[in-house]
Amino acid sequence: MLEPSNNNELPAIPGKRYFTIGEVSDLCAVKPHVLRYWEQEFDQLDPVRRGNRRYYQREDVLIVRQIRSLLYEHGYTIGGARQCLEEGGDPDSPVEKAQIDDIIEELEKIKRFLSI
C-alpha cells in the first residue's frame with residue numbers, strides 16, 4: 001500500500017459530489033485513520049461534516065493524493081509536506097523542474113570552467 005509507484009496506479013475519481021471516508025481511503029490507498037490524522041495536520045484538508053460523518057469533495061480527494069505523493073513518493077516529513085502545500089508548490093511542477101534544470105546547467109558550466 002505504501003509503495004511509491006502506487007500513486008500512478010490509483011483508481012480514477014468518480015464524478016460524484018461527495019465521498020465517504022471509506023471511499024476516499026480506497027481512492028487514495030490510505031487507511032481511514034491516516035485520513036483523520038491528516039485532517040488534524042493539514043489545514044487544506046477540511047471535509048464537510050454532517051452529524052458524525054465526514055464527506056469529502058473531489059478537491060479534498062485531490063489534496064489527499066497530493067499529500068500522499070509528498071509523503072510516500074517524495075519522502076517529505078509531515079512538516080515539509082505542510083509547508084509545500086502552504087506555499088502551493090508541487091515538486092513535479094514544470095516551473096520547478098525548469099528551475100532545477102537551469103541550476104544543473106549552471107553547475108555543469110562551473111564544473112567545466114574549474115576543470116580547465
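**Exercise 1. Find which residues S25 touches beyond its neighbours up to four places away in sequence.**

Step 1. Setting those neighbours aside, S25 touches V30, K31, P32 and L35, where contact means heavy atoms within 4.5 Å. The model is predicted, so local features need pLDDT of at least 70 and side-chain atom pairs count only at pLDDT 80 or more, while totals for chains, interfaces and linings use all residues. Residues are numbered from 1 along each chain as its sequence is written, and side-chain values use heavy atoms, with hydrogens and water left out.

Step 2. Now place S25: it lies in helix α1. Helices (H or I, at least four residues) and strands (E, at least two) are DSSP runs, numbered from the N terminus.

Step 3. Check its surroundings. S25 is buried, with a relative accessible area of 10%; buried means under 20%, exposed over 50%, and partly exposed in between (1.4 Å probe, protein chains only).

Step 4. Look at the side chain of S25, which reaches the backbone oxygen of V30 at 2.5 Å.

**Exercise 2. Work out where Y56 sits and which side chain it joins in a polar contact.**

Step 1. Start with the chain: Y56 is in the loop between β2 (53–55) and α3 (58–73).

Step 2. Y56 is buried, with a relative accessible area of 0%.

Step 3. Turn to E39, whose side chain is joined to that of Y56 by a polar contact of 2.4 Å. Such a contact is a pair of N or O atoms within 3.5 Å; within protein, one must be able to donate a hydrogen and the other to accept it, and residues adjacent in sequence count only if both atoms are side-chain atoms.

**Exercise 3. Decide which residues of α2 are buried and what they pack against.**

Step 1. The buried residues of α2 are V34, L35, W38 and E39.

Step 2. They lie on the same side of α2, because they cover an arc of only 145° around the axis; the arc is that of the directions from the helix axis to the C-beta atoms.

Step 3. These buried residues pack against α1, β1 (48–50), β2, α3 and α4.
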